Amino acid sequence: MVRTQPGARVRIPNIAWAIVLPIVIPAIAFGLAHWAAADLAASLAARGISSLERACEGAVAHVYAEIFPAILQICAERRNIQLTERAAGLIAVGSVALPLLMLAFAKLAGSNRVLLAAIFPPLTLFSGFALAAICLTQAALLIAACLTSGPHLVGVGVAVRIAIGVAIGAALAAFFLVRAILSMTRPMVLPVLGKTVVAADAPTLTAFVASLAQRVGAPAPSTIVLGLEPTFFVTSACVHVIDANKPLTGETLFVSLPLARFFSKEEFAAVIGHELGHFRGHDTYYSRRFAPVYVGLQQALVGMIARNTHIVALPAFFSLGALHDVFSRSTAVVSRARELEADKAGAECAPADALGSALAKTVYAEEAWSRLGEIVFDEHRGLRLDANLSRRFADLAKRELDAARVAAIVGAMGEATTHHPIDTHPPIAERLQALGLAASDLRIEMPSEGTSAIALIDDADRHESALTLVEHRRLAATGPSLDATAQTRFRADAGALLAARLVLASGPADERVAGRVEDIAGARLRGFDNGLFRRALATSHESAEFATLASVALSITTDDGRLILKDFLDAVVHSALSGSPEAVRLLAQTWEADV
């Protein structure tokens, strides 16, 4: 007996809906047909004919036709009704057979990743097209039932209108379903906020990764992408990054710059070794074949929900949901095994406790990075912007990693997991146990600048600054808009800070130039704060670069406000600064980037 808490909702599995719902429309059609047959029998009984079946037998029908000519038309309707009843039975059996077939293949594949990769993609495509066919077939059945039985129930006009509505709805549902299934055949493109590096840009890093790949017996990644997200991952999917004209293909390794500052070189090696472990054995085949279609199926289900799936397509929706559910149980088992095997690869590249401490640091880093994002977003309103968020994160970690914080991290290791863009990971406690470690044995500390893994990344500051600008733009673009009063205040403050940067870029500031800027602001930029402008002239070297400030300011400002701000800054450059070449260059680069 299943017990539930009072008021708790019992969730009916998708597979149950997938078996029950396909029977509903055939049952309705059969019921309508049966009712229509009873109505015909009743009309004949009123004329003294007791058996509709006997009356419609060939010779008997012609005898009755001599005294009751309408009998031939009634018998023709009866034959159509019988066809509808038989079709309803056959369609019901076929519709139920598909989810049962899914269950059988899921059972066959089990948690064997080779079988999963071989079976799941073609089964998903076959199921999608079969469900589209079932959707159209059931709609045709319902239309036939409406046209043959509807006139007896609601009249010809209403029956025809219902049939037209069902036909249009079914056609649209089948179209969207086929489109969703076809979208799964396209290569999955994973958007990544990062920057590619080649051997010439990062010879130390690429050589280090290549040596680890050789150690674990895996191919080196085709591309290394640097980013600010506090995670490492590898993928065989196509990857689209900010500095590439087209998606990257092959194997891609994502390296987190903030974590590189947070990790020791041993921890860094252990994590990279773990990720490269996914490229050996059957993991690559599984990743290329199974994962893209599985993610595509998830997206198709989300899309069907967003479009308020038509009633005729509900069996298809729940059947695809059932397909996802039955294979998700297998993927959970496979994901666990994959991560534990990859952890062994990580332990081949560095001591096991280095991988353990790196996992613990990642748990802290994901939460700390989220908090830092909220802080930075609030700072945007005052245009207080860091030029290097990766260093800012390292400073935050250095301040926070006291004994109490370390104890809290260790205490949270039980069910904590690490993030991956398209995969799931088992709890870290389970991974530590497989490595022969206990959370209490881990050393979680901030490495010094010289011993941290950031030393393995050539010209790290340049990459971090470029990605910081992108992150500032992202945060500015995704935040809530300001009201009119706040927009005016923000625009005026942005103008003061940006004007100060332009003045300093042109050479030492003097009173005459500052006065000209203030005169221009009085005419063109309402609410301009002369005091803020003067303070920025004195301390502007402590703030972010002009491009970063301008990019964030233009992202937050409304379209009209952008025009006002651009007009003001153009006037500052060409009037107050007499067309200073350096100021002109800064402004031109900013406007070009904004476009």
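Visitor: At what angle do helix α9 and helix α12 pack?
Guide: First, a heads-up that this is a predicted model. Helix α9 covers residues 265-277 and helix α12 covers residues 352-380, and the two pack at an angle of about 90 degrees. Their axes are 8 Å apart. An angle from 65 to 115 degrees counts as roughly perpendicular, and α9 and α12 are therefore roughly perpendicular to each other.

Visitor: Okay, and which residues meet there?
Guide: From α9 you have E266, E267, A270 and V271, and they meet A354, L355, S357, A358 and K361 in α12. That contact is made of five nonpolar residues, one polar and three charged.

Visitor: What does E267 form a salt bridge with?
Guide: With K361, where the closest N and O atoms are 2.9 Å apart. E267 sits in helix α9 and K361 in helix α12, so the pair ties together parts that are 94 residues apart in sequence.

Visitor: How many salt bridges does the count come to?
Guide: The count comes to 16 salt bridges. In general, side chains of opposite charge can pair when their charged atoms come close.

Visitor: Switching topic: which residues make the nonpolar surface patch?
Guide: That patch is made by L147, V160, I164, I168 and L172, and it has an area of about 430 Å².

Visitor: And where does the largest share of the patch come from?
Guide: From helix α6, residues 156-185, which supplies four residues. I168 is a residue that lies in helix α6.

Visitor: Back to helix pairs. How far apart are the axes of α13 and α16?
Guide: They are 7 Å apart, and the helices pack at an angle of about 95 degrees. Helix α13 is residues 389-400 and helix α16 is residues 460-478. That angle makes α13 roughly perpendicular to α16.

Visitor: What does α13 meet in α16?
Guide: L389, S390 and R391 of α13 meet D461, E464, T468, E471 and H472 of α16. The residues of this contact split into one nonpolar, three polar and four charged.

Note on methods
Residues are numbered from 1 along each chain as its sequence is written. This is a predicted model: local features need pLDDT of at least 70, side-chain atom pairs count only at pLDDT 80 or more; totals for chains, interfaces and linings use all residues. Side-chain values use heavy atoms; hydrogens and water are left out. Axes are lines fitted to C-alpha atoms, for helices over the stretch in contact, and angles run from 0 to 180 degrees between N-to-C directions. Angles under 35 degrees count as roughly parallel, over 145 as roughly antiparallel, 65 to 115 as roughly perpendicular and the rest as oblique. Contact means heavy atoms within 4.5 Å. Ala, Val, Leu, Ile, Met, Phe, Trp, Tyr, Cys and Pro count as nonpolar, Asp, Glu, Lys and Arg as charged, and the others, Gly among them, as polar. Patches are made of residues with over 30% relative accessible area and no salt bridge: like charges are joined within 9 Å, nonpolar side chains (Val, Leu, Ile, Met, Phe, Trp, Tyr) within 5 Å. Accessible areas come from the Shrake-Rupley method with a 1.4 Å probe; for residues, only the protein chains shown count as cover. A salt bridge is a side-chain nitrogen of Lys or Arg within 4 Å of a carboxyl oxygen of Asp or Glu.
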